[in-house]
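Please open the model in your viewer and keep the sequence panel beside it. The stops below go one selection at a time.

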Amino acid sequence: MHRALAIPLTALGVGAAGLAYAAGYEVRAFRLRRVSVPVLEPGEAPLRILHISDLHLTPDQKRKRDWVRALAGLEPDLVVNTGDNLAHREAVPAVLDALGPLLERPGVFVMGSNDYYEPTFKNPARYLLPDSGMRSHKGLLPAEDLRDGFVGAGWLDLDNVRAHIKAGGREVEVVGTDDAHIRRDRYDLVAGPVDAGADLSLAVTHAPYRRVIDAMVDDGFPLLIAGHTHGGQLCVPGFGALVTNCDLPRRQAKGLSRHSTGRRTSWLHVSAGLGTSPYAPVRFACPPEATLLTLEGRAT
Ligand SMILES: [Fe+2]
């Protein structure tokens, strides 16, 4: 073979193999990540939070449903669901089934854009371009049925809500917003300094836009929990995420980081999520995940 032709063909072969891996294996390689967060008072007993995000479930995804159902065996003190549960008009029963055993535990949730709007085909070339979140939305999904299912089971809806919840024997102050990616966030309605009388204060949102998380940090919430980024979804080994699909820096695309506003600094945990749009069922160097956050006492 001519050398000038051999190199592009080799690159094409490597690309095809990578795509086959990304679509055929990694997108279903669910894993539980365990992260410790030193956010409690020194000497305080740990609090275990299961963070689930971006299921993007369709009714036929039995393997994903079974994997999520099994997470109940962790017996977390609190479940935090940061949205984008749905990827199909008829997926609400499947989501409620997958989360069924976890709905029996204390839990909070916020919605993501994909709980409201049907997934639509998007030109793969646009993956790396800014996404307003509004451009391609057409059909509505039964978000209110999902909300009713969660609330009916006892989970707390934190879409532009501030409240208290008992978890792990503690009084936890929780605040959350609806999805900033589609401008449903109204943090102004729930803003204010953290409750000094609570044992712990947590802030929850789907898309970690700076306008929301900075305000949460400035109010003194020591731990923020978010999803939406998919961890970048298609990552470069050794480099990480190429995009966060919001204005969060790439280095914070997934996992635990420190987030500072200049006035205050808090912990931020971003989940890489468990799913993808049905129109982009690929992940690379960014496996689907749920996270068990173990909140521990700060070092003295
Ligand atoms: Fe998502």
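In which loop is His 228 found? Select it, and you will be in the loop between S9 and S10, where strands (E, at least two residues) and helices (H or I, at least four) are DSSP runs numbered from the N terminus. Before going further, note that this is a predicted model, in which local features need pLDDT of at least 70 and side-chain atom pairs count only at pLDDT 80 or more, while totals for chains, interfaces and linings use all residues. Residues are numbered from 1 along each chain as its sequence is written, and side-chain values use heavy atoms, with hydrogens and water left out.

The phi of His 228 is near 80°, a positive value in a residue other than glycine. With a relative accessible area of 5%, His 228 is buried; that word stands for under 20% relative accessible area, exposed for over 50%, and partly exposed for what lies in between, using a 1.4 Å probe and protein chains only.

**The iron ion**

Next, select the iron ion, which is coordinated by Asp 54 (OD), His 56 (NE2), Asp 84 (OD) and His 230 (NE2) at 2.0 to 2.3 Å. Donors here are N, O and S atoms within 2.8 Å of the metal (3.2 Å for Na, K and Ca), and water is not among the atoms, so sites may look incomplete. Along the chain these donors follow the spacing D-x1-H-x27-D-x145-H. His 56 is in the loop between S2 and H2, whereas His 230 is in the loop between strand S9 (223-226) and strand S10 (235-236), 174 residues away. His 56 is buried at 3% relative accessible area, and His 230 is buried at 8%.

**The nonpolar core**

Now colour the largest nonpolar core, a set of 31 residues; such a core consists of buried Ala, Val, Leu, Ile, Met, Phe, Trp, Tyr and Cys residues joined through side-chain atoms within 4.5 Å. Among those with the most contacts inside this core are Leu 50, Ile 52 and Trp 155. The elements that give two or more residues to this core are strand S2 (47-52), helix H3 (92-98), helix H5 (143-153) and strand S14 (289-297), and H3 gives the most, with four residues. If you centre on Leu 50 and leave aside its neighbours within four places in sequence, its contacts (heavy atoms within 4.5 Å) include Leu 32, Leu 71, Leu 102 and Leu 292. A second, separate core of 24 residues includes Val 80, Val 110, Val 204 and Leu 293.

**Rings that pair**

Show the aromatic side chains, among which there are six pairs; rings of Phe, Tyr and Trp (its six-membered ring) pair if their centres lie within 6.5 Å, and planes under 30 degrees apart count as stacked, over 60 as edge-to-face and the rest as tilted. Select Tyr 21 and Phe 284, whose ring centres are 5.8 Å apart and whose planes are at 85°, so the pair is edge-to-face. This pair links distant parts of the chain, with Tyr 21 in helix H1 (residues 3-24) and Phe 284 in the loop between strand S13 (265-270) and S14, 263 residues apart. Tyr 21 is partly exposed at 34% relative accessibility, and Phe 284 is partly exposed at 29%.
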